[in-house]
Amino acid sequence: MSMSDFKMAASLWAKCAVSFVSSTNIATRTLQQVTRIQCIHTTAALEKLRAGRVRASKGEKPITYEQANFPYQIGVRKSWNSLHSANLKEETGAALRTLEDFFLRKFIHGTFHQCLATDLIIKRRGNQIFIVALLLRRMAPQKYYFLIGYTEELLSHWLKCPVKMEVQVVDERPIYKWM
């Protein structure tokens, strides 16, 4: 291969590279123009109520009473998990109660790790907070007594009101029905 053949091949390659770059610039510009267009999607709404429901299976999945009732049956068949009077007319502090309930649930889930059999029920009576829990028998009774006292003391100090725990210990999770 002579030097002139090499120069000719190099110039041909340069022309191909320039045409490739210019074609990609055109493609990029058209993509930018296409993405600037706003579109309206006119698909039909899927109106299925799926939140808070347990999927049906072949009868091998155990569910609790809380899971067996649908969310729209709260207040009819099933009670609320947090009982307080902040949601009544002209009462203040509903948001504060919700945050406190969230904090209580997270704290107790962390304290009694993998020992809760069902959801917590939080009852407020006057200035007192009662936490009702169903625990699994996974530790010695002395540890449960210590954790209950620990929880009551810390929460009473943090929330500035008396906190009492009503606890029942069971061998296994209560099964309402099989789904």
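Student: Why is Lys-160 called exposed in this predicted model?

Tutor: Good place to start! Lys-160 has a relative accessible area of 66%.

Student: Where is Lys-160 found?

Tutor: Lys-160 belongs to the loop between H4 and S5. Its phi is near 60°, a positive value in a residue other than glycine. Most residues other than glycine have a negative phi.

Student: What makes Gln-114 exposed?

Tutor: Try the cut-off again. The relative accessible area of Gln-114 is 54%, and exposed means over 50%, so Gln-114 is exposed too. Gln-114 sits in the loop between H3 and S3, and has a positive phi of about 60° although it is not a glycine.

Student: How do you know that S3 and S4 pair?

Tutor: Two strands pair if there are at least two bridges between them. Strand S3 (residues 121–125) and strand S4 (residues 128–136) have five bridges, in the antiparallel sense, so they pair. Arg-125 stands opposite Gln-128 in S4.

Student: Why are S2 and S5 called edge strands?

Tutor: Look at the order of the open sheet, S2-S3-S4-S5, with mixed pairing. Strand S2 (82–83) and strand S5 (163–170) each pair on one side only.

Student: Which strands does helix H3 touch?

Tutor: Helix H3 (residues 94–111) packs on the sheet and touches S2, S3, S4 and S5. The direction of H3 makes about 135° with that of S3.

Student: And where does helix H4 lie?

Tutor: Helix H4 (residues 141–159) lies across S4 and S5, and runs at about 155° to S5.

Key
Residues are numbered from 1 along each chain as its sequence is written. This is a predicted model: local features need pLDDT of at least 70, side-chain atom pairs count only at pLDDT 80 or more; totals for chains, interfaces and linings use all residues. Side-chain values use heavy atoms; hydrogens and water are left out. Helices (H or I, at least four residues) and strands (E, at least two) are DSSP runs, numbered from the N terminus. Contact means heavy atoms within 4.5 Å. Axes are lines fitted to C-alpha atoms, for helices over the stretch in contact, and angles run from 0 to 180 degrees between N-to-C directions. Buried means under 20% relative accessible area, exposed over 50%, partly exposed in between (1.4 Å probe, protein chains only).
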